[in-house]
Structure formats: C-alpha cells, structure tokens
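Thanks for coming. Please look at it first.

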Amino acid sequence: MFIQVMCSRVAQSNRWSKAQPFLFANLEKERKSRYNITLTDKADIILKPGIDYTVEDAVFWLINEGAASYKEAMQYSTFNAKCETIFDLKSFKNRIYNMRCIVPVDAFYEAMGKPGSKQPYAIRLKDREPFGMAGVYSVWQDPETKTNIYTFSIITTVANDLVAKYHEKARMPVILPPVSFELWLDEKLNSKEDISAFFQSYPAEQMEVFPVSKNVISTKHRIFGEECLQEVPTEENSPNLF
C-alpha cells in the first residue's frame, strides 16, 4: 500500500539554466539550486507574459486572483491540474489558454509505504539532464502587502508503466519535449485540440527511478542539498517493484 498526493515534490538545481534546451529563456542571472521543493515552497518557472521570456520565483500552489488571503487560498488543492479537467475547472480553464509556464527540474519524487515509514524515490530522465514540466501560473496580489506573488500548478497526466508503479492513482507530470518548449509558451497556441496534444505520458524507457533518503520527506529532519538525489539502499522489507 502507498498513500500520497500527486506531483508534490521536485528537485530543481541551477543546472537547468545552463542546459541547451533552456537557453532560449535568456537568463540574466544564475538561479538558485533547490533539491527539495514541496508544496508552498518557491521554484523557478519560465513564462512569456509578453514578447519576452521571463523566469520568476513562484509559489508551488496556484492562487487565484480572487483569493482574499493566502490562508484562504490554501483551502483549495491547486498545486496540480489534471489534464482531463483543466479546460473545465474554474481555477485552471482560463490559464491553460494564456498563462502557461514551464517548470524546469532535475527530478520529481514519489513515496511508497505506510504512513510514517514511506520510502521516497527520485524519478528522472535516464540521461540525467534537466527537463521541463508543463504548468500554469497566476499573479496574485496580497491584499495586505500589495505585493504581486507568482504561483503555479503542475499539469498531470496518466502515468507511464514505470511511474505507475510508484503512484496509487497512476499519475505523472506532463513532461514537455525540449523542441516544443517555446511553442508551449507561445500565445498563438490557443486551441484546446493543439494544447491537449502536449498531454502525453513521457516514454517509460527514457526514465529511471531510484530510492533516496527518507529525510527527503521528513518533517523533522528534512534535507535540502544535493544529497537529496543520492541513491540509498532500501530496507530489506521494501516492496520489490521490478
């Protein structure tokens, strides 16, 4: 048995900012490395609000403009958007047409096991290169501080055969082909049919999974550095998935 939410934890080193597929973003400064980003943490997202690409530090939990407070916004689970309902749900249906973003990451994490003893796993591409997840974003103004805050949600689709072994609901993030990064952000991409064409499960044979430290998901001893992506031996009673 394994219990968890969908895509709720990712690793994002600054390697993405130097990787060839992401050079179109024309970064002005080096980005931070954050190997253990989870809900309400901040992460880099790439967007194109006008004629230029920008990279913003955004909260991993989409907040709609009408939210009266940060606390109110947290009452709704908007950190993931299912591709099957994204065109229908109020939180996402307008954003998918004109507020799309890319979330560059090294890996995402999933965990298996009973509550209190779950084993986390990192899932990444076999070539170990940074990759881009499809997302939608918002710009929410905090009523108290009048500060504009970028927030985002990761779009999910049906998991491939590999990732499905690690997720009770067989879901995974939509991983974009690098050749399509700029098209995904292009405002001219504005039909449901064309946008939906991106909602494919990434090929399982191009991905790999390995166990990582339980401190990645620990609330008391959470780790944040490169050690998050270090493979560790699993306990003898860990489920045999292969």
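Let me begin with R15, which counts as partly exposed because its relative accessibility is 36%. On terms: buried means under 20% relative accessible area, exposed means over 50%, and partly exposed is in between, with a 1.4 Å probe and protein chains only.

Before going on, this is a predicted model, so local features need pLDDT of at least 70 and side-chain atom pairs count only at pLDDT 80 or more, while totals for chains, interfaces and linings use all residues. Residues are numbered from 1 along each chain as its sequence is written, and side-chain values use heavy atoms, with hydrogens and water left out.

What does R15 pair with? Its salt bridge partner is D106, with 3.0 Å between the closest N and O atoms. A salt bridge here is a side-chain nitrogen of Lys or Arg within 4 Å of a carboxyl oxygen of Asp or Glu. R15 sits in the loop between β1 (9-12) and β2 (34-38), and D106 in the loop between β6 (100-105) and β7 (107-112), so this pair links distant parts of the chain, 91 residues apart. The strand names come from DSSP: helices are H or I runs of at least four residues, strands are E runs of at least two, and both are numbered from the N terminus. D106 counts as buried, at 6% relative accessibility.

How many salt bridges are there in the whole structure? The search finds ten. Another one joins E30 and K18, whose closest N and O atoms are 3.6 Å apart. Both residues lie in the loop between β1 and β2, so the pair ties together parts that are twelve residues apart in sequence. E30 counts as exposed, at 57%.

A further salt bridge is formed by the side chains of R124 and E208, at 2.7 Å from N to O. R124 belongs to strand β8 (residues 119-125) and E208 to strand β13 (residues 207-211), so parts that are 84 residues apart in sequence are tied together. R124 counts as buried, with 12% relative accessibility. There is also a network: R31, R34, D44 and D57 are joined by salt bridges that share partners.

D44 stands opposite D57 in β4. Strands β3 (residues 42-47) and β4 (residues 54-60) run antiparallel and are joined by six bridges; two strands pair if DSSP finds at least two bridges between them. Six residues lie between the two strands of this hairpin. Of the six residues in β3, five are buried.

Now the interior. In soluble globular proteins, nonpolar side chains tend to be buried together. A nonpolar core, as used here, is a set of buried Ala, Val, Leu, Ile, Met, Phe, Trp, Tyr and Cys residues joined through side-chain atoms within 4.5 Å. The largest one has 40 residues, and F108, M133, F152 and M207 have the most contacts inside it. Which strand gives the largest share? That is β9, with four residues.

F152 touches residues including A43, I45, F60, W61 and V136, leaving out those up to four places away in sequence; contact means heavy atoms within 4.5 Å. A second, separate core has 28 residues, among them I86, F87, V136 and L185.

Last, L39, in the loop between β2 and β3. Beyond its neighbours within four places in sequence, L39 contacts S8, F60, W61 and F79.
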